[in-house]
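Reader: I have not seen this structure before. Please show it to me, and then I will ask what the terms rest on.

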Amino acid sequence: MEDRNPKTGFYNKFYDRYERGLESAFERIGKVVGKYPLWIMITCILMNFALMLGFLRFESENDVEVLYTPQDSQAFKDRAFLRTVFRDPTENHFQLYQLSDFGKYVEIIFMSRNGTKINSRLFFHEMRKIDNFIQESVSVVFNGSWKYFKDLCAIQYEECALFGNIMLTEQFEQDFFSEKVSFPVYNETLLSPILASVRTENGSIISTKGVKLRYYLRNNTTLSLQWETTFLSKMSGLKTNITEIAYSTSESLGRELGKNTKGDIQYFSLTFTLMLTYACFAASSLKPNNIGNRLMLGHAGVLAPILAIGSSIGFVSAIGVKFTSMVGIMPFLVIGMNIFRYRHIYYLGYLMIN
């Protein structure tokens, strides 16, 4: 039965013209490629390698707030407004509530061995020893001079901002073992975010299992991030006797998210080799049939995505777009889809021949 709907007839005509136009365009492209195959291949490869030069400007971005907060959200606008109107709070008179984001810091948690309560003065002695190590041994070089925590710390009451510094005083140690430390406030300091698993009796602390210290750094210098990196490398080789320590930095979450894709990079070459081998076997034919054999098609199905991924990342790097760790899964997705597609092309060709 003939369809007399004018809208359907218009869409059919439009679709026919669109399809014929694509067929004509691809036909012309096919003729050019068939006439100059070698020059087309050389030109495409050179163009891809030229775009890959953008890797010289390759930069990565692991900031969790930047990656997972919408760029035009109200939170970004409010934060930009605060940074414009109010001065950097880490330069002087620092208070935690003044930060418009998480800030820059390193954090360390001291726990008693085997999760038992702190029952030795050696715990406080080792805690002060590690604090001294952080402040005097962790450093970065800038313009030929060493920069320590005291040179990069956020300033609070003309001193370095150290959250939990009251735990490092000998007076607190004496009052703690004498059960004279009031909770949750001691000498105008809130202890609840500093101490772990606190037990009290008559408003005084009788036991705790751990202590948390946080060292705040300035926001107006890139040396703070370098100092954080040095902190991680130094702390990884630190040995303790009485305490068990855990540490992190303001960049730790971004670093750990990055490790999700970078952690298995050593297996990438093995996985890629297996995928290439499978693609070649899936697209090849056991019969000596040059028409049915798709061995080179399998190679092309793997190498083409490699060139495409390399050139695209190189191009966006050249124009200033930063690389994110989640993009690292792209080669597996693209190559996997190409293997699936070319395998079905082979089976279709095999059925047509036989």
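Reader: What pLDDT does the protein average?

Author: The average is 80, and 79% of the residues score at least 70. pLDDT is the predictor's confidence in each residue, from 0 to 100. This is a predicted model, where local features need pLDDT of at least 70 and side-chain atom pairs count only at pLDDT 80 or more, while totals for chains, interfaces and linings use all residues. Residues are numbered from 1 along each chain as its sequence is written, and side-chain values use heavy atoms, with hydrogens and water left out.

Reader: Over which residues does pLDDT stay under 50?

Author: That holds for residues 348-354, for which the model has six contacts beyond four places in sequence. A contact means heavy atoms within 4.5 Å.

Reader: What makes the link of cysteine 153 and cysteine 160 a disulfide?

Author: A disulfide is a pair of cysteine sulfur atoms within 2.5 Å. Cysteine 153 and cysteine 160 have an S to S distance of 2.0 Å, so the pair meets the rule. The count by this rule comes to one disulfide. The angle about the S-S bond is -65 degrees, and the link is left-handed.

Reader: Why is cysteine 153 called buried?

Author: Buried means under 20% relative accessible area, exposed over 50%, and partly exposed in between (1.4 Å probe, protein chains only). Cysteine 153 has 0% relative accessibility, so it counts as buried. Cysteine 160 has a relative accessible area of 25% and is therefore partly exposed. Cysteine 44, at 40%, is also called partly exposed.

Reader: Is serine 311 buried or exposed?

Author: Serine 311 has a relative accessible area of 7%, so it is buried. This serine is found in helix H11, residues 295-318; helices (H or I, at least four residues) and strands (E, at least two) are DSSP runs, numbered from the N terminus. Beyond four places in sequence, serine 311 touches Asn48, Leu51 and Met52. A polar atom of its side chain lies 3.0 Å from the backbone oxygen of alanine 308.

Reader: Which residues touch the most other members of the largest nonpolar core?

Author: They are Met127, Met167, Leu191, Val211, Leu213 and Trp227, in a core of 35 residues. Helix H5 gives the largest share, five residues. A nonpolar core is a set of buried Ala, Val, Leu, Ile, Met, Phe, Trp, Tyr and Cys residues joined through side-chain atoms within 4.5 Å. Leaving aside neighbours within four places in sequence, methionine 127 is in contact with Phe110, Met167, Leu168, Val211 and Leu213. Another core, of six residues, lies apart from the largest one and includes Phe94, Tyr105, Ala154 and Tyr216.

Key: Polar contact = N/O pair within 3.5 Å; in protein donor to acceptor, adjacent residues only side chain to side chain.
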